[in-house]
Every structure is written in C-alpha cells, then in structure tokens.
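Thanks for coming. I have one model to go through today, and I will keep to what can be computed from its atoms.

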Amino acid sequence: MASPDKNTAVQSVVGYFQRHWVMVLYCVVAALLAVPASCSALFGHQWSPVVTVLATITPLATASAFVWSATGRTLSLSLSVFWLWAFLFLGLAPAYQIGGTSFPWHGEFTPSEIATAQAIVLIGCVAVAVASVAVNRLRPAIVANRSRRAPGGKSSLIARRRPRSVNLFEYVLATYTLAATVFAVFVGSALFTGKTLFQQRVVALADIVGFGTLYFVATAGAICIPAIGWALRRSTMKVRPVLLYAATGVGFVVTNPLIGSRFLSGAFVIAIAGAILAGSLWQRFMPLGILVAFVTVFPSLDLARGDGTGSNKLELFLPQYSLTGFDFDAFEMLCRAVSIDDPLPSHETSRWELFVAPLLRWIPVLARDVQGHGTGPLVARETGMSFTNVSMPLWGESYFVGGVGLTVITFLALGALFGIIREGLASTGSTPLTREPNFGVLVDAPVAALLFIVLRGSLYEVLGYLLLAIAVGLVTRFLLLPKSSPPLPLPSPVQGANRS
C-alpha cells in the first residue's frame with residue numbers, strides 16, 4: 001500500500017504537469033534533440049577544449065532560450081523563431097558537424113577558426129537577449145511617463161479621439177491584390193512550371209518599366225500584407241473577409257513552392273498561420289512544429305535535386321545525419337567567413353559597398369551599382385567552393401562586413417525590435433478579439449516568418465522584405481487604423497499554456 005507521502009508527491013507531479021504541460025512538452029522535445037547533439041560534440045572528434053566546450057554548451061543554451069521564449073506568459077512568435085533558428089542551425093547542427101568533422105560543403109577549419117565562429121554566435125545571441133529584455137522592461141515606463149506629462153493624461157486623450165468610419169487598410173489589401181494579380185498575369189504559366197522557367201521568365205520581363213518593383217511588392221507583400229489583415233481581424237478591427245481571402249489567395253499563388261523557393265513559400269505559410277492563430281493555444285505549438293519539421297521532413301525536400309546539393313536519401317528522425325546536409329550550412333559559412341585572413345580581399349567588393357548594398361538593392365535607380373554584392377557568394381568564391389549560390393547567415397554577414405562591433409550593433413537592433421513587439425503583445429492580453437491592434441500585434445507573425453529568410457541571409461537579397469513588413473506595420477498602426485478606443489479589460493492568461 002502506497003504511503004500518504006508518496007501519494008502526495010505523485011499528485012504534486014501530476015498537478016504540475018497539468019498546469020505546465022506545454023512547457024514540459026517543449027522541454028522534453030528540446031532535451032531529446034539537444035542532449036544527444038551535445039554528447040556528439042563532447043565525445044566525438046577531439047578538438048581543442050574551447051571548441052569542445054562551446055560545441056557542447058551552445059545547443060543546451062539556445063535550447064533553453066527557445067523553451068523560455070515559447071512557453072512564457074507572453075508568446076512572441078518572432079522571438080521564439082529567432083531562438084529556434086539559433087538552436088537549430090547554430091547549436092544543434094554544428095554540434096553534430098563538429099563531433100563528426102563532417103561539414104555540408106566539406107570545409108576544413110582550424111580549431112581557432114571554429115572557436116571564433118562559435119564566439120560570434122554567442123555574442124549575437126547575448127546581444128539579442130540583452131536588447132529584447134531591456135526594451136521590454138524600459139519601454140512601458142517611457143510610454144507611461146509620456147502619458148503622465150501629456151495634458152489631461154492618457155485617458156482624456158483617448159476620450160477626445162474620434163474613431164474613423166472606414167478601415168483604410170482595406171484599400172491596402174485591395175491594392176496589393178491588384179498588384180499581385182498583375183504580376184501573376186505577366187509571369188503566366190511560369191509560376192507553375194519550375195524554378196528555372198520562372199527565373200527565365202522574370203529575367204525576360206526585367207526591361208519592363210516598374211516590373212522589378214511589381215515583383216518585390218507581389219512577393220514581399222505576400223508575407224506581410226495579408227498577415228497584417230488577419231491580425232487586424234483577430235483583434236478589435238473588422239476587415240472584410242472577401243478582401244482577406246483574395247489577398248491571401250493571390251499571395252499563395254505568387255509564392256507557391258513551384259517557383260523554387262522553399263523558404264519564401266514557408267515564410268508565407270508561417271505568416272498567415274501565425275496571424276490567424278494569434279493569441280490562441282495553437283499558436284504556441286507553431287515553434288515546436290516548425291522545429292520537428294526542420295529536423296525530419298525539411299532536409300528531404302530537395303531529394304534528388306539533380307545539381308549535387310540536395311539530399312541523397314530520405315532521412316527521418318535521424319538528426320545526426322540530416323543536420324549535416326546542405327540545408328544546415330550556416331555554421332560552415334560563418335567559419336569560412338572567419339577563415340579569410342583579410343576580411344575583404346583587395347580584388348573584391350569594398351567593405352563600404354557590402355555595408356550599403358542591402359539598402360541600395362531595393363532602390364531601382366541604384367540597384368545596378370550593387371549587383372552581385374552578396375556576402376555568401378563572395379565568401380564562397382574566395383574559399384574555393386565549387387557551388388557559389390549560397391547564403392551567409394546574419395552572424396557571418398555582420399562579422400565579415402564590420403567585425404565584432406557591427407555584429408553587436410546588428411543583433412542589438414534585432415533584439416530591440418523583438419522587445420518592442422513583445423511589449424506590445426504583453427500590453428494587449430492573451431485573447432484575440434480584445435487586443436488593440438498595436439505594432440507588436442500587427443508585425444509579430446510577418447517578422448517571425450521573415451526571420452527564416454533574414455537570418456539565413458544574405459541581407460543584400462532580403463533586407464527589403466523585413467523593412468517592408470515593419471513599414472506596413474507602422475503605417476497601419478499610426479495612419480490607417482481608427483484612433484484608439486478605451487481598452488477592454490484584459491482576460492486571464494490561458495491556464496496551462498502560460499507561466500509566470
């Protein structure tokens with residue numbers, strides 16, 4: 001017969017699991033992935049002690065940050081996706097690659113180069129953590145101080161505002177739908193006949209005035225504009241369903257997987273799903289589902305690709321093999337950037353040109369001046385890679401262009417963005433339909449979706465996508481929405497999904 005103390009202990013364990021089952025589930029999955037990877041690094045190839053220790057602790061540290069961000073009281077999908085990316089591509093995969101000395105592009109690096117790359121990863125992660133927490137803590141105090149100094153206080157300001165009768169964002173949805181439809185008509189059947197024909201058709205149409213801008217609006221807008229519309233509908237705003245369905249449908253067409261970009265197609269799906277599920281318990285499972293998909297199904301999506309860079313066989317539930325493939329080359333590309341003695345070879349693009357290229361890339365009259373200024377291909381050529389159509393992760397790109405200083409600044413800025421988004425989400429409560437559509441509510445899902453492209457890089461190609469999402473979110477919040485109304489009472493957090 002069981003003793004009363006034993007029964008009490010069992011009941012306590014069961015009660016804790018019932019209250020925190022989401023966190024327990026995340027911890028179990030993260031541990032099942034991180035612990036074997038750390039063991040592989042610890043007991044695999046004998047590198048220097050520094051390399052071995054960093055390869056062992058990085059998966060555990062990033063896994064902990066991932067679990068914390070995904071199971072906290074306030075779920076920020078964008079912050080959770082950042083830690084998911086860091087855990088998967090720069091913690092989990094490198095542990096197996098270092099432990100087995102098997103890098104995707106067969107690079108060979110010294111212990112010093114690998115240790116430097118590991119340090120850069122940790123520096124970026126620490127910068128994001130510090131900035132996001134600081135902004136999340138300080139911004140509410142700054143806003144409250146401004147409200148107290150305003151004549152009459154915040155409540156009287158709200159009372160004096162008059163709601164607008166028309167939701168002007170509906171015009172944005174209609175305009176985007178029209179622009180994306182025109183783009184689809186121009187491209188025609190090439191949208192559904194494979195990557196090569198699609199690219200050939202886009203090049204053939206490049207001389208049409210404004211076609212490049214139309215291409216950008218159609219594809220980049222697909223990831224942010226419909227998602228912001230769904231976020232509005234999930235909050236206190238009413239958006240006509242027909243406009244949402246039309247914008248979402250044409251967005252799917254112009255980013256469909258047959259054009260050859262898995263990351264673009266995946267970003268669209270994540271943005272729409274994240275916005276539709278905003279504030280629900282189901283949204284908390286998105287980071288976990290994405291993690292499982294990347295470890296299992298994703299590496300085999302390029303099965304028999306035909307150019308020597310795809311999977312050779314189906315790898316499911318064997319991360320020690322799947323995470324050493326070409327899709328998980330972020331750490332190797334960072335190591336290659338570190339391995340170049342002169343960060344910018346004299347016969348290549350200058351440091352300044354690489355620094356401004358991500359911005360000039362999206363200005364039509366200046367884009368030709370920075371054509372081909374991607375950090376990934378530059379590093380690939382300099383290090384003798386036969387395949388140079390590769391991307392450089394944000395850690396590597398910032399370090400290659402501006403050293404440790406620019407790396408810190410870049411990730412502090414990214415962390416500040418996460419802090420603003422998370423603070424906005426926390427100020428509105430957990431349940432949709434009671435949320436004021438502030439900046440954080442509007443852009444959380446689009447930013448989360450775009451992180452898979454932005455963190456993978458190169459910024460030369462994708463920074464405009466992120467800037468467009470931020471710009472649309474700001475314009476929608478401050479110019480297009482009805483003025484704020486008195487806030488509704490906040491509901492209690494979802495039991496079991498939240499923790500203090």
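First, the ground rules. This is a predicted model, in which local features need pLDDT of at least 70 and side-chain atom pairs count only at pLDDT 80 or more, while totals for chains, interfaces and linings use all residues. Residues are numbered from 1 along each chain as its sequence is written, and side-chain values use heavy atoms, with hydrogens and water left out.

Now the cores. A nonpolar core here is a set of buried Ala, Val, Leu, Ile, Met, Phe, Trp, Tyr and Cys residues joined through side-chain atoms within 4.5 Å. Buried means under 20% relative accessible area, exposed means over 50%, and partly exposed is in between, with a 1.4 Å probe and protein chains only. The largest such core has 131 residues, and Phe-82, Phe-331 and Trp-395 have the most contacts inside it. Helix α4, residues 77-100, gives the most to this core, with 17 residues. Helices are DSSP runs of H or I, at least four residues long, and strands are runs of E, at least two, numbered from the N terminus. Another core, of 14 residues, lies apart from the largest one and includes Val-379, Met-385, Met-392 and Val-401.

What does Phe-82 contact, leaving aside neighbours within four places in sequence? With contact meaning heavy atoms within 4.5 Å, the list for Phe-82 is Val-128, Trp-395, Phe-411, Leu-414, Phe-418, Leu-451 and Leu-455.

Next, helix α16, residues 351-360. Its buried residues are Leu-354, Val-356, Ala-357 and Pro-358. They pack against α18 (375-382), α19 (394-426) and α21 (459-480).

On to charges. How many salt bridges does a search of the whole structure find? It finds two, a salt bridge being a side-chain nitrogen of Lys or Arg within 4 Å of a carboxyl oxygen of Asp or Glu. One joins the side chains of Arg-240 and Glu-170, at 3.3 Å from N to O. That pair links distant parts of the chain, 70 residues apart: Arg-240 is in the loop between α9 (211-234) and α10 (241-254), and Glu-170 is in helix α7. Arg-240 is exposed because its relative accessible area is 52%, whereas Glu-170, at 12%, counts as buried.

The other bridge is between Glu-332 and Arg-336, with the closest N and O atoms 3.1 Å apart. These two are four residues apart in helix α15 (residues 330-339), so about one helical turn separates them. Both Glu-332 and Arg-336 are buried.

Back to α7, residues 169-187, which also contains Phe-186. At 33% relative accessibility, Phe-186 counts as partly exposed.

The loop between α2 (21-43) and α3 (49-71) holds His-45. Beyond four places in sequence, His-45 touches Ile-98, Gly-99 and Thr-101. His-45 and Ile-98 are 53 residues apart in sequence, with their C-alpha atoms 7.2 Å apart in space.

Last, the cysteines. The structure holds zero disulfides, where a disulfide would be a pair of cysteine sulfur atoms within 2.5 Å. Cys-224 is buried, at 0% relative accessible area, and Cys-335 is buried, also at 0%.
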